[in-house]
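Please look over the sequence and the model below, and then follow the paragraphs that come after, which take up one topic at a time.

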Amino acid sequence: MTLTDSQQLAYANAQAADGRVNVELETDDGMVLNMGPQHPATHGTLRLIARLDGEQVTSADVMCGYMHRGYEKLCEVRTYPQVTTLVNRIDWLGSFANEVPFILAAEQLMEVEAPPRAKWIRTLLFELSRIANISLFIGDLALQLGAQTPAFLAFRDREFVLNQIESVTGGRFHPNFDRIGGLKDDLPKGWIADTKAAMVRLREFCDLMEGLVYGNEIFQTRTRGIGIIPAKVAESYGLSGANLRGSGVDWDLRRDANIGLAYDELDWKVWTHPDGDCFARCWVRLQEVREATKIVDQLCDGMPGGAIMAKVPRIIKVPEGEAYVATENPLGAMGYYVVSRGDIGPFRVKIRSASFNNISIAPWLLKGVYVPDIIAILASLYFILGDIDR
Amino acid sequence: MPRPALKIPGLFKGLKITMGIFLQTMFPKRGIRTLMPAPTLGAVTVQYPYKSAPEVPAARARGVIALKEENCTVCMLCSRSCPDWCIYIEGHKTKAPPRRPGGKERTVSALDRFDIDYALCMYCGICVEVCPFDALFWSPEFEYSEPKLADLLHDMDRLGEWMETVPDFETYEAGSDAKVRKVPR
Amino acid sequence: MASVLALDWGNYWQQSIFRVLGSAVFIILGAGTFVIAFLFKMMSYMQSRLGPMEAGPHGTLQLVAEVGKFLQKEDLVPERADARLFKLAPYVVLASTFLLAVVMPFGPDAYFVNLDTGVFLALGLSSISVIGILVAGWASANKYSLIGGLRAAGQLIAYELPMVLAVVGVVIQAGTLNLQGIVAAQHSGQIFGWDGIGNPFVLTQLVGFVVFLIATQAELAQTPFDMPIAESEIVTGYMTEYSGMRFLLFFIAEFATAAVFSALAATLFLGGWAIPFVDLDDNVMNVVGPLVLVTKMMIVGTLIFWARFTFPRFREDQLQSFAWKFLIPISLVNILATMVLKVAF
């Protein structure tokens, strides 16, 4: 029996397709699983190319850049207030925290210092953005590991913080409140009492998450002993924030390199965990939220009176110079290197974002783990795509 | 390798928490009516647009920008400082009568066109902040979505209508040096 | 009415059509009730929100809206997928659920078939769905589906054993494989000589009940055993490429299987359609029996879905070691204890 041409072609195609699949399944490198830019697990458009041998990863590549918005180029052609607006959107969950290092760098160049009340309110909003960011992290962590309920509870309880941010700045997500020399406006009446009430709710939320998520044996078997980063490796890859503290390194820019915020006048603690596994990093973040609520309480209690803005001209021209300021943002260490040529806008802004360095350890860390562990590890490293790609 | 040992309180604590939230949502009423299910009361969901939460949005919420036409001197500061260039201003100079009889005639600017394109607006508030003449104000109104994109361009009259929804500036917290400004009505 | 339900009327074909239609009604109603009560409402209230509220009063007609939505979707078959197998897979899974529903008794004369090996048939039929899931995973020509299908194969086969072994304890205690006989044994049994409420096996076979529930959770691929679906990792696992009506079939199959397994658990452990103080042969039980069974189904369903909405998921190797190294030994010990105690007392 002879086959027609189209039948022969179809047969050859089918054999070729089978051959491709078989080659993939039989090579040493294994099957390529593309956890592509659109995926429920990655916090945005991250592409992870994993070579699998069965369910184990032999090698993993991280490809970011799908969300690159050209921030550094944009900043070259914007004035300082406009850059402050844009910069809110880098780490969109803890937005106020993005403005702070930029404004501090510009204040350093202008040699102007914000009055104490502005410093304290700046620190307050900084910590509120940390709480907002990391409470969502805890909910999302549980969601990525399979539990659907904690995510909704996180969103529910985060509303209190967002409402507080909104009543003082006008925006829940993009406050755009920091200005060179101080802040845009002062606190409305009753805000301090409301914020302290919100902190009580947030502490209850932390206890809730500890009972529902961290105390759960299934969660612990999924995260303990997974993705261990030794302290030396963490330091060499440039990790920062809770990823570093979860490996036992006692490093916090709020304490060690405090410029322009009120941390040295407060009584607070840096949390570390010696294990270096996923559970350690997640646990450190939970403790950071608790600590942040305590810091906010202290700030509310001891708020100094006074002006909200230093004496700065109306149209701000920052004198020539370069300044680099890094602060301990919710995601890690975020720094701005501002080069000024005496204009109303910066000449060049280099943004050192925390997640870009945090994600760089992923290829090293993901070797030899199972596919579900990829998710657990990426969740515990906690990156936000806007922060990676800018 | 899990060893679900004989003590498994963590799992049960989690179960208790979710059941607690479930019962809290189902039966929020207290007192004599405890066992009446009332989930619409117990859940945090507000069934917008049938109901709305009274305290939302805050007074300072950046909902829409209102224009007080009489105060505008067509200085173009807002239009220049907008990061999106979404404010379109056109004006012309006219002569106004002198303040005192026998004095010189004054040149004043009059607004022809003041449009804000809310399809582009980033709601950053730089325009409101830089206006030296108190002509722009924030209003917490947010229900102005349109089926057509072009209708999101609010012209001078519409921006003037938003002035009615602008709330008075709030008093400040104790210890503040700032003075409460007045909204020109 | 009893004679109608006892199926001593009509010829073979009429009886078969009645069985098929009745089973379909049970499946659809069961799945629908479970979806509305647990997925839409209980899950929402546990997350402090309201769930669907627009379609119908308090969102009770949301299912109708969803069915309409799925029906009007485009019928997609991926280009490189094995089209025949791809289209066949949902029906295989649904078929096993249908057949399972046929053996369920609802009253003394209200049943579709009354087999002497009812339990055996039920457990055997539940394994057919594994084939459907595997076929779906392979035929989708999608690596995520493939991973999901392979995980499902390992998991579902591993958890068949604890389920069977848990039921063996019940069978030993009841002395029969017939489901009506098991209901009768619970109704007329005695707890240490007191026959007030009969002897629902949940009391004496508590270990078996717990193991059965855990194994059911795994058979249904619900969290904490939902590795085959694992939404945050492999999108929807073996169901990734399915959309529209085919996805609806999988969805119905998932919840209908949950309903049927809950009914099975209620029959085996909670006493089935019987209630303590009413006679087994009483004709009123033909009407009240189904309602009693549905109530008990909802209780078991509450337990299953309560665990689903609370826990994160196991990794599949942890899953497997949990089954092989923990559940199976415990259920074997349970069987031993049951045998010893049955002979002793």
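**Where two chains meet**

In this predicted model, seven residue pairs, with both residues at pLDDT 80 or more, are in polar contact across the interface of chain C and chain B. On the side of chain C that touches chain B, helix H2 (12–46), helix H13 (285–310) and helix H14 (316–344) of chain C each supply at least two residues, and H14(C) provides the largest share of that side, namely five residues. Counting the residues that take part in the contact gives 19 residues from chain C and 19 residues from chain B.

How much area is buried between chain C and chain B? The area comes to about 1,800 Å², and carbon and sulfur atoms give 75% of this area. Of the area that chain C buries against chain B, 32% is supplied by C:Tyr45, C:Leu50 and C:Trp306, which is more than any other three residues supply.

A pair of aromatic rings is described by the distance of the centres and the angle of the planes. Over all chains, the count is 38 aromatic pairs. Why is the pair of C:Phe106 and C:Phe112 edge-to-face? The centres of the two rings are 6.0 Å apart and their planes stand at 80°, so the pair of C:Phe106 and C:Phe112 is edge-to-face, given that planes over 60 degrees apart count in this way. Both C:Phe106 and C:Phe112 are buried. Elsewhere in the list of rings, one aromatic cluster is formed by C:Phe34, C:Phe38, C:Phe70, C:Phe247, C:Phe251, C:Phe255, C:Phe305 and C:Phe309.

In chain A, rings also take part in arrangements with charged side chains. The charged end of A:Lys269 sits over the ring of A:Trp271, at 3.8 Å from the centre of that ring, while A:Arg130 lies over the face of A:Phe126, 5.3 Å from the ring centre.

The last stop is a helix of chain A. Is helix H15 (residues 371–381) of chain A mostly covered or mostly uncovered? H15(A) is mostly covered, with 11 of its 11 residues buried, and among these buried residues are A:Pro372, A:Asp373, A:Ile374 and A:Leu378. After H15(A) comes A:Tyr382, a residue whose phi is positive, near 55°.

Methods: Residues are numbered from 1 along each chain as its sequence is written. Chains are lettered from A and ligands numbered from 1 in the order in which they are written. This is a predicted model: local features need pLDDT of at least 70, side-chain atom pairs count only at pLDDT 80 or more; totals for chains, interfaces and linings use all residues. Side-chain values use heavy atoms; hydrogens and water are left out. Rings of Phe, Tyr and Trp (its six-membered ring) pair if their centres lie within 6.5 Å; planes under 30 degrees apart count as stacked, over 60 as edge-to-face and the rest as tilted. Buried means under 20% relative accessible area, exposed over 50%, partly exposed in between (1.4 Å probe, protein chains only). A charge sits over a ring if NZ of Lys or CZ of Arg is within 6 Å of the ring centre and within 35 degrees of the ring normal. Helices (H or I, at least four residues) and strands (E, at least two) are DSSP runs, numbered from the N terminus. Contact means heavy atoms within 4.5 Å. Buried area is the accessible area (1.4 Å probe) that two parts lose on being put together, summed over both. A polar contact is a pair of N or O atoms within 3.5 Å; within protein, one must be able to donate a hydrogen and the other to accept it, and residues adjacent in sequence count only if both atoms are side-chain atoms.
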